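Welcome! Please take a moment to look over the sequence and the 3D picture, and then let us walk through a few places together.

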Amino acid sequence: MEPMDIVGKNKEDASLPKATMTKIIKEMLPPDVRVARDTQDLLIECCVEFINLISSESNEVCNREERRTIAPEHVLKALEVLGFGEYIEEVYAAYEQHRLETMDTVRSGRCSNGAAMTEEEALAEQQRMFAEARARMNGSATVPAKQPDSEEALAEQQRMFAEAHAGMNGGVTVPSKQPDSEADQNLTS
(Lines give C-alpha, C1' and ligand atoms only; values in the text may rest on other atoms or scores of the structure.)
Protein backbone atom coordinates (compact mmCIF):
# COMPACT_ATOMS: atom_id res chain seq x y z
CA MET A 1 0.00 0.00 0.00
CA GLU A 2 1.39 3.38 -0.95
CA PRO A 3 1.79 5.92 1.87
CA MET A 4 -0.67 8.26 0.14
CA ASP A 5 -3.39 5.57 0.32
CA ILE A 6 -3.61 5.80 4.08
CA VAL A 7 -4.34 8.67 6.40
CA GLY A 8 -1.44 9.42 8.70
CA LYS A 9 1.53 11.69 9.15
CA ASN A 10 4.19 9.20 8.04
CA LYS A 11 4.64 5.60 6.94
CA GLU A 12 4.99 4.29 10.50
CA ASP A 13 1.59 5.60 11.61
CA ALA A 14 -1.00 2.88 11.95
CA SER A 15 -4.04 3.78 9.90
CA LEU A 16 -6.91 2.47 7.82
CA PRO A 17 -7.20 2.34 4.02
CA LYS A 18 -8.53 5.72 2.95
CA ALA A 19 -10.56 4.45 -0.02
CA THR A 20 -12.35 1.83 2.07
CA MET A 21 -13.09 4.25 4.88
CA THR A 22 -14.36 6.88 2.43
CA LYS A 23 -16.70 4.30 0.92
CA ILE A 24 -18.04 3.36 4.37
CA ILE A 25 -18.56 7.03 5.25
CA LYS A 26 -20.43 7.70 2.00
CA GLU A 27 -22.62 4.59 2.42
CA MET A 28 -23.77 5.85 5.82
CA LEU A 29 -24.95 9.23 4.51
CA PRO A 30 -27.81 10.25 2.22
CA PRO A 31 -26.73 10.54 -1.44
CA ASP A 32 -27.17 14.33 -1.50
CA VAL A 33 -24.74 14.90 1.41
CA ARG A 34 -21.12 15.68 0.60
CA VAL A 35 -18.20 15.31 3.01
CA ALA A 36 -15.11 17.51 2.81
CA ARG A 37 -11.75 15.72 2.57
CA ASP A 38 -10.58 17.17 5.86
CA THR A 39 -13.73 15.81 7.49
CA GLN A 40 -13.14 12.38 5.97
CA ASP A 41 -9.58 12.41 7.30
CA LEU A 42 -10.83 13.45 10.74
CA LEU A 43 -13.40 10.64 10.80
CA ILE A 44 -10.73 8.14 9.78
CA GLU A 45 -8.41 9.37 12.52
CA CYS A 46 -11.27 9.02 15.01
CA CYS A 47 -11.77 5.41 13.89
CA VAL A 48 -8.06 4.69 14.32
CA GLU A 49 -8.07 6.24 17.79
CA PHE A 50 -11.17 4.22 18.75
CA ILE A 51 -9.50 1.00 17.60
CA ASN A 52 -6.37 1.89 19.59
CA LEU A 53 -8.46 2.63 22.68
CA ILE A 54 -10.43 -0.65 22.48
CA SER A 55 -7.26 -2.64 21.72
CA SER A 56 -5.41 -1.15 24.67
CA GLU A 57 -8.25 -1.77 27.11
CA SER A 58 -8.76 -5.30 25.72
CA ASN A 59 -5.09 -5.96 26.36
CA GLU A 60 -5.43 -4.74 29.95
CA VAL A 61 -8.48 -6.98 30.50
CA CYS A 62 -6.52 -9.89 29.02
CA ASN A 63 -3.54 -9.18 31.29
CA ARG A 64 -5.76 -9.00 34.40
CA GLU A 65 -6.99 -12.49 33.53
CA GLU A 66 -3.37 -13.58 33.08
CA ARG A 67 -3.96 -14.55 29.44
CA ARG A 68 -1.58 -14.05 26.55
CA THR A 69 -4.13 -13.88 23.72
CA ILE A 70 -6.87 -11.27 23.46
CA ALA A 71 -10.18 -13.09 22.95
CA PRO A 72 -13.55 -11.69 21.81
CA GLU A 73 -14.81 -11.65 25.41
CA HIS A 74 -11.91 -9.33 26.31
CA VAL A 75 -13.03 -6.88 23.63
CA LEU A 76 -16.63 -7.03 24.89
CA LYS A 77 -15.45 -6.41 28.46
CA ALA A 78 -13.31 -3.49 27.24
CA LEU A 79 -16.36 -1.93 25.59
CA GLU A 80 -18.21 -2.17 28.89
CA VAL A 81 -15.31 -0.74 30.93
CA LEU A 82 -14.92 2.20 28.54
CA GLY A 83 -18.62 3.09 28.71
CA PHE A 84 -19.73 1.63 25.38
CA GLY A 85 -22.01 -0.96 26.99
CA GLU A 86 -24.94 -0.10 24.71
CA TYR A 87 -22.92 -1.45 21.75
CA ILE A 88 -22.06 -4.83 23.26
CA GLU A 89 -25.16 -6.62 21.97
CA GLU A 90 -24.68 -5.34 18.42
CA VAL A 91 -20.93 -6.06 18.44
CA TYR A 92 -21.55 -9.58 19.76
CA ALA A 93 -24.19 -10.21 17.07
CA ALA A 94 -21.75 -9.06 14.35
CA TYR A 95 -19.03 -11.29 15.84
CA GLU A 96 -21.35 -14.32 15.89
CA GLN A 97 -22.42 -13.71 12.30
CA HIS A 98 -18.77 -13.44 11.20
CA ARG A 99 -17.86 -16.59 13.13
CA LEU A 100 -20.71 -18.57 11.56
CA GLU A 101 -19.85 -17.37 8.05
CA THR A 102 -16.21 -18.23 8.59
CA MET A 103 -17.03 -21.69 9.95
CA ASP A 104 -19.43 -22.39 7.05
CA THR A 105 -16.72 -21.49 4.55
CA VAL A 106 -14.11 -23.68 6.25
CA ARG A 107 -16.48 -26.64 6.69
CA SER A 108 -17.76 -26.61 3.13
CA GLY A 109 -14.25 -26.35 1.68
CA ARG A 110 -15.23 -23.42 -0.48
CA CYS A 111 -12.54 -21.31 -2.05
CA SER A 112 -12.62 -17.54 -1.69
CA ASN A 113 -14.75 -17.31 -4.83
CA GLY A 114 -17.34 -19.65 -3.31
CA ALA A 115 -16.75 -22.58 -5.69
CA ALA A 116 -16.30 -26.02 -4.16
CA MET A 117 -13.38 -28.13 -5.42
CA THR A 118 -12.46 -31.71 -4.79
CA GLU A 119 -8.86 -32.51 -3.92
CA GLU A 120 -8.37 -34.03 -7.38
CA GLU A 121 -9.71 -30.88 -9.06
CA ALA A 122 -7.46 -28.74 -6.87
CA LEU A 123 -4.45 -30.87 -7.83
CA ALA A 124 -5.31 -30.62 -11.52
CA GLU A 125 -5.73 -26.85 -11.25
CA GLN A 126 -2.44 -26.55 -9.39
CA GLN A 127 -0.66 -28.61 -12.06
CA ARG A 128 -2.15 -26.42 -14.78
CA MET A 129 -0.95 -23.27 -12.99
CA PHE A 130 2.55 -24.74 -12.55
CA ALA A 131 2.64 -25.55 -16.27
CA GLU A 132 1.58 -21.98 -17.11
CA ALA A 133 4.31 -20.60 -14.85
CA ARG A 134 6.91 -22.87 -16.50
CA ALA A 135 5.72 -21.75 -19.94
CA ARG A 136 5.99 -18.09 -18.98
CA MET A 137 9.50 -18.67 -17.65
CA ASN A 138 10.47 -20.42 -20.89
CA GLY A 139 8.84 -17.74 -23.04
CA SER A 140 6.07 -19.96 -24.45
CA ALA A 141 2.85 -18.24 -25.48
CA THR A 142 0.27 -20.84 -24.40
CA VAL A 143 0.11 -24.02 -22.43
CA PRO A 144 -2.33 -26.82 -23.18
CA ALA A 145 -4.55 -27.75 -20.25
CA LYS A 146 -3.02 -31.09 -19.34
CA GLN A 147 -4.74 -33.72 -17.23
CA PRO A 148 -2.67 -36.34 -15.47
CA ASP A 149 -2.48 -39.34 -17.80
CA SER A 150 -0.61 -41.72 -15.57
CA GLU A 151 -0.24 -42.73 -11.96
CA GLU A 152 3.21 -41.14 -12.00
CA ALA A 153 1.76 -37.78 -13.07
CA LEU A 154 -0.92 -38.01 -10.38
CA ALA A 155 1.75 -38.90 -7.79
CA GLU A 156 3.78 -35.87 -8.91
CA GLN A 157 0.72 -33.64 -8.52
CA GLN A 158 0.10 -35.00 -5.04
CA ARG A 159 3.74 -34.41 -4.10
CA MET A 160 3.58 -30.82 -5.35
CA PHE A 161 0.29 -30.27 -3.51
CA ALA A 162 1.83 -31.65 -0.30
CA GLU A 163 4.86 -29.37 -0.70
CA ALA A 164 2.66 -26.33 -1.23
CA HIS A 165 0.48 -27.30 1.73
CA ALA A 166 3.54 -27.85 3.93
CA GLY A 167 4.86 -24.43 2.95
CA MET A 168 1.64 -22.88 4.23
CA ASN A 169 1.81 -24.86 7.47
CA GLY A 170 5.03 -23.79 9.09
CA GLY A 171 7.55 -24.91 6.53
CA VAL A 172 7.27 -28.66 7.06
CA THR A 173 8.93 -30.10 4.00
CA VAL A 174 8.17 -33.11 1.90
CA PRO A 175 10.97 -35.12 0.27
CA SER A 176 11.26 -34.02 -3.33
CA LYS A 177 12.61 -35.65 -6.43
CA GLN A 178 15.30 -34.16 -8.64
CA PRO A 179 13.99 -31.58 -11.14
CA ASP A 180 13.52 -32.96 -14.66
CA SER A 181 14.34 -29.76 -16.53
CA GLU A 182 15.98 -26.39 -16.09
CA ALA A 183 12.53 -24.77 -15.76
CA ASP A 184 11.64 -27.17 -12.93
CA GLN A 185 14.98 -26.39 -11.29
CA ASN A 186 14.19 -22.65 -11.44
CA LEU A 187 10.75 -23.22 -9.89
CA THR A 188 12.18 -25.13 -6.93
CA SER A 189 14.86 -22.61 -6.10
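With which side chain does the side chain of Thr-22 make a polar contact? The partner is the side chain of Gln-40, at 3.4 Å; a polar contact here is a pair of N or O atoms within 3.5 Å, where within protein one must be able to donate a hydrogen and the other to accept it, and residues adjacent in sequence count only if both atoms are side-chain atoms.

## Before we go on

This is a predicted model, in which local features need pLDDT of at least 70 and side-chain atom pairs count only at pLDDT 80 or more, while totals for chains, interfaces and linings use all residues. Residues are numbered from 1 along each chain as its sequence is written, and side-chain values use heavy atoms, with hydrogens and water left out.

Thr-22 sits in helix α1, residues 18–28. Helices are DSSP runs (H or I, at least four residues), numbered from the N terminus. Thr-22 is buried, with a relative accessible area of 13%; buried means under 20%, exposed over 50%, and partly exposed in between, using a 1.4 Å probe and protein chains only. A polar atom of the Thr-22 side chain also lies 2.8 Å from the backbone oxygen of Lys-18.

Gln-40 belongs to helix α2 and is buried too, at a relative accessible area of 5%. Leaving aside residues up to four places away in sequence, Gln-40 touches Thr-22, Ile-25, Lys-26 and Val-35, where contact means heavy atoms within 4.5 Å. The side chain of Gln-40 reaches the backbone oxygen of Val-35 at 3.4 Å. Between Gln-40 and Ile-25, 15 residues apart along the chain, the C-alpha atoms are 7.6 Å from each other.

## Where α2 meets α3

Helix α2 (residues 37–64) packs against helix α3 (residues 72–81) at an angle of about 110°, with the axes 8 Å apart. That makes the two helices roughly perpendicular, a label for angles of 65 to 115 degrees.

On the α2 side, the residues in contact are Phe-50, Ile-54, Glu-57, Ser-58, Val-61 and Cys-62; they meet His-74, Val-75, Lys-77, Ala-78, Leu-79 and Val-81 of α3. By type, the residues of this contact divide into eight nonpolar, two polar and two charged.

## The loop between them

Glu-66 lies in the loop between α2 and α3. At 74% relative accessibility, Glu-66 counts as exposed. Its phi is positive, about 55°, although Glu-66 is not a glycine. Most residues other than glycine have a negative phi.

Technical notes:
Axes are lines fitted to C-alpha atoms, for helices over the stretch in contact, and angles run from 0 to 180 degrees between N-to-C directions. Angles under 35 degrees count as roughly parallel, over 145 as roughly antiparallel, 65 to 115 as roughly perpendicular and the rest as oblique. Ala, Val, Leu, Ile, Met, Phe, Trp, Tyr, Cys and Pro count as nonpolar, Asp, Glu, Lys and Arg as charged, and the others, Gly among them, as polar.
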